[in-house]
Amino acid sequence: MQEEMQTENQLSEQESSLANESPLGDSNIDNSDLQEDKEQDHNIGLERLQEKKENTDALDNQDYNFSDNIVVSDVVEKKTEYKIVKKPNWFKRLVKRTFDICSSLFAIILLLPFFLLFTPIVAIAMKGNPFFVQKRPGKNEKIFSMIKYRTMTNAKDKEGNLLSDSDRLTKFGKIMRALSLDELPELFNILIGNMSVVGPRPLLVKYLERYNDFQRQRHLVRPGLTGLAQVSGRNAISWEEKFEKDIEYIEKMSFWFDLKVIFMTIKKVLVRDGISQEGEATMEYFTGNKD
């Protein structure tokens, strides 16, 4: 019994001693130490808040950049969008081909005396072969041999390279180009089915790899002896304008529209308008698209 009472007294003393100790477990801790700890805790809290704010700002910037990327990609997509034209239906193609055969055959028969007289003159003026034959892409980019009267010489420099168009174009050649007489042998291309009376002009084979998808649609139809681009400025307008006119023609292609272009061509030949591009003897080469 006495031992139990002693044990209770000891427990009471321990409890009273614990009650007198500071909450940190050390009754001898100085107040200055407590103040330093509080300041350290405060500083750590401020640092954490600052770090959290910086992380939040970084996330905001990330979201903004992502938004910018979306806008940029949308712009790129818009640039790659282009007008898709439908291939003319079978009836329009049939009417057009029938007109091409009849008109080219009639013109060849009518101009036969002219061909017999004019061809030797060209041969004399060009001091050799009067014809210029070159590979050109036609309908569906099929390559064919286009024939024209020669308007330039084959003059070369010391290194064996052809001189510029302005240096090789003869005075007689300029007259033929002004009257479009150099194009007349293409009537034979029309008769055999390589070309049409009206359509996009046949350009160089090397241009095929330089077209974009919009411009490539010009090969949905046969190339023409004349075309909407020719009566809209011929060589005096830019390549971009030419290609737009080529696609516009395919959209509007019909028998009556072809007749309209033919009459406009006759008017252009009579006034000799748009024969060459400003600052060039003929037309500058198409080097590709800017964008």
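User: What is the mean pLDDT of the protein?

Analyst: This is a predicted model, in which local features need pLDDT of at least 70, side-chain atom pairs count only at pLDDT 80 or more, and totals for chains, interfaces and linings use all residues. Residues are numbered from 1 along each chain as its sequence is written, and side-chain values use heavy atoms, with hydrogens and water left out. pLDDT is the predictor's confidence in each residue, from 0 to 100. While 68% of the residues reach 70 or more, the mean is 80.

User: How many contacts beyond four places in sequence does the model have for residues 62–80?

Analyst: A contact means heavy atoms within 4.5 Å. Where pLDDT is low, predicted coordinates should not be read in detail. Over residues 62–80 pLDDT stays under 50, and the number of such contacts is 0.

User: Which residues have the most contacts inside the largest nonpolar core?

Analyst: A nonpolar core is a set of buried Ala, Val, Leu, Ile, Met, Phe, Trp, Tyr and Cys residues joined through side-chain atoms within 4.5 Å; buried means under 20% relative accessible area (1.4 Å probe, protein chains only). The largest such core has 29 residues. Those with the most contacts inside it are F118, V122, Y149, M176, L187 and Y249.

User: Which residues does V122 touch, not counting residues up to four places away in sequence?

Analyst: V122 is one of the residues with the most contacts inside the largest nonpolar core. With those sequence neighbours left out, V122 touches P130, Y149, R150, F172 and M176.

User: What share of the 291 residues counts as buried?

Analyst: The accessible surface of the protein comes to about 19600 Å² by the Shrake-Rupley method with a 1.4 Å probe. Of the 291 residues, the share that counts as buried is 32%.

Note on methods. Buried < 20%, exposed > 50% of the residue type's maximum accessible area, 1.4 Å probe, protein only.
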